[in-house]
Amino acid sequence: MTISETSPSSTIVSFGEMLIDFVPDIAGVSLAESTGFLKAPGGAPANVACAITKLGGSSAFIGKFGDDEFGHMLVDILKKNEVNTDGVCFDEHARTALAFVTLKKNGEREFMFYRNPSADMLLKESELNLGLIKQAKIFHYGSISLISEPCKSAHLAAMKAAKEAGILLSYDPNVRLPLWPSPQAARDGIKSIWNQADFIKVSDDEVQFLTQEDPDKEDNVLTLWHDNLKLLLVTDGEKGCRYFTKCFKGKVSGFSVKTVDTTGAGDAFVGALLVSIAKDTNIFRDEAKLREALTFANACGAICTTKKGAIPALPSTSNAHELMSKAK
């Protein structure tokens with residue numbers, strides 16, 4: 001599906017990095033002990049773009065790739081997933097980023113990145129497809145694109161263009177500490193654009209990292225609230241999520257599934273929620289509708305953990321409804 005075939009105002013534009021994750025073919029071993037790796041497309045903003053189209057929504061991706069086999073492979077994956085790639089560009093001199101991901105026995109992950117610098121870090125403001133951004137309904141981004149120049153300036157310019165065009169800003173910081181110079185640099189960088197977002201999703205671990213306090217205590221979570229926010233979400237893994245708006249707050253339970261790999265679960269959740277918001281931007285003022293959308297998003301996140309990899313594990317709408325009906 002291309003943007004021209006659908007209402008331009010329903011498109012969600014996702015900005016940032018897409019890379020290759022090398023995942024050990026056996027879970028629960030260290031990188032050194034692994035004898036083989038499976039090649040999987042990764043990068044949170046790209047995962048979100050694919051999650052959206054898998055659920056019947058319209059998405060576009062903006063980012064830069066190495067003009068190498070991996071870069072072209074990744075852009076082909078976006079196209080196969082019906083993500084609009086008009087905002088994609090290639091760098092002849094830099095490589096596509098790689099990450100080696102260790103799967104622990106509980107399905108959680110550790111990362112080792114190869115980016116020095118990778119093509120995604122070298123996206124320039126002059127390479128932005130501003131026309132694509134300005135016709136979006138929602139502009140979604142993370143924080144990895146804030147780590148170094150020139151990508152940081154491109155990120156800020158893209159946000160500014162979206163804000164000036166009246167587009168909703170969606171932020172999922174996706175903390176990846178190994179990529180930042182220090183934990184404090186990560187906190188400062190992530191918080192530097194905090195007050196501009198219309199909605200923010202953070203995990204309970206990220207609440208702990210950003211506030212340096214207990215993420216289960218509501219007072220600590222609410223230190224992350226700002227007056228421009230329409231929705232603050234905290235994901236609590238299999239327990240579900242907590243939501244905060246100007247008018248109401250609450251919890252929505254998660255779904256119990258057999259977890260194999262948590263990669264992409266948060267992105268499946270975000271994609272599902274953004275599809276619901278793109279359909280109805282009044283959802284922030286209607287608690288019943290928001291709870292319904294969050295239940296659906298929780299189901300999508302849960303299903304994504306039942307298979308290895310992020311994009312291959314992304315659920316369809318019918319997968320999510322099936323899990324929801326089983327749980328009733």
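Helices and strands are runs assigned by DSSP, numbered from the N terminus, a helix having at least four residues and a strand at least two. The legends below refer to a predicted model.

**View 1. Strand β6 and its burial.** Buried here denotes a relative accessible area under 20%. Leu 98, Phe 100 and Thr 102 point one way from β6, whereas Ala 99, Val 101 and Leu 103 point the other way. The residues of both sets are buried. In a regular strand, side chains alternate between the two faces of the sheet.

**View 2. The pairing of β6 with β2 and β7.** Strand β2, residues 19–24, pairs with β6 in the parallel sense over 3 bridges. Within this pairing, Asp 21 has Ala 99 of β6 as its bridge partner. Strand β7, residues 109–114, pairs with β6 in the antiparallel sense over 6 bridges. Here the bridge partner of Phe 100 is Met 112 of β7.

View 3. The peptide bond from Asn 116 to Pro 117 is cis, with omega near -20°. Pro 117 is found in the loop between β7 and α3, the latter comprising residues 130–134.

View 4. Glu 149 and Pro 150 are joined by a cis peptide bond, for which omega is about 5°. Pro 150 is placed in the loop between β8 (138–141) and α4 (151–164).

**View 5. Glu 82, a residue with positive phi.** Glu 82 is not a glycine, yet it has a positive phi of about 65°. Its place is in the loop that lies between α2 (69–80) and β5 (84–91). The relative accessibility of Glu 82 is 44%, and the residue therefore counts as partly exposed, a class that extends between the buried limit of 20% and the exposed limit of 50%.

**View 6. Gln 212, a residue with positive phi.** Gln 212 likewise is not a glycine and has a positive phi, of about 55°. The residue lies in the loop between α6 (204–211) and α7 (218–222). Gln 212 has a relative accessible area of 52% and is therefore exposed, since the exposed class begins over 50%.

Note on methods. Residues numbered from 1 in each chain as written. Predicted model: local features only at pLDDT ≥ 70, side-chain atom pairs only at ≥ 80, totals over all residues. Heavy atoms only, no water. Buried < 20%, exposed > 50% of the residue type's maximum accessible area, 1.4 Å probe, protein only. Pairing = 2+ DSSP bridges.
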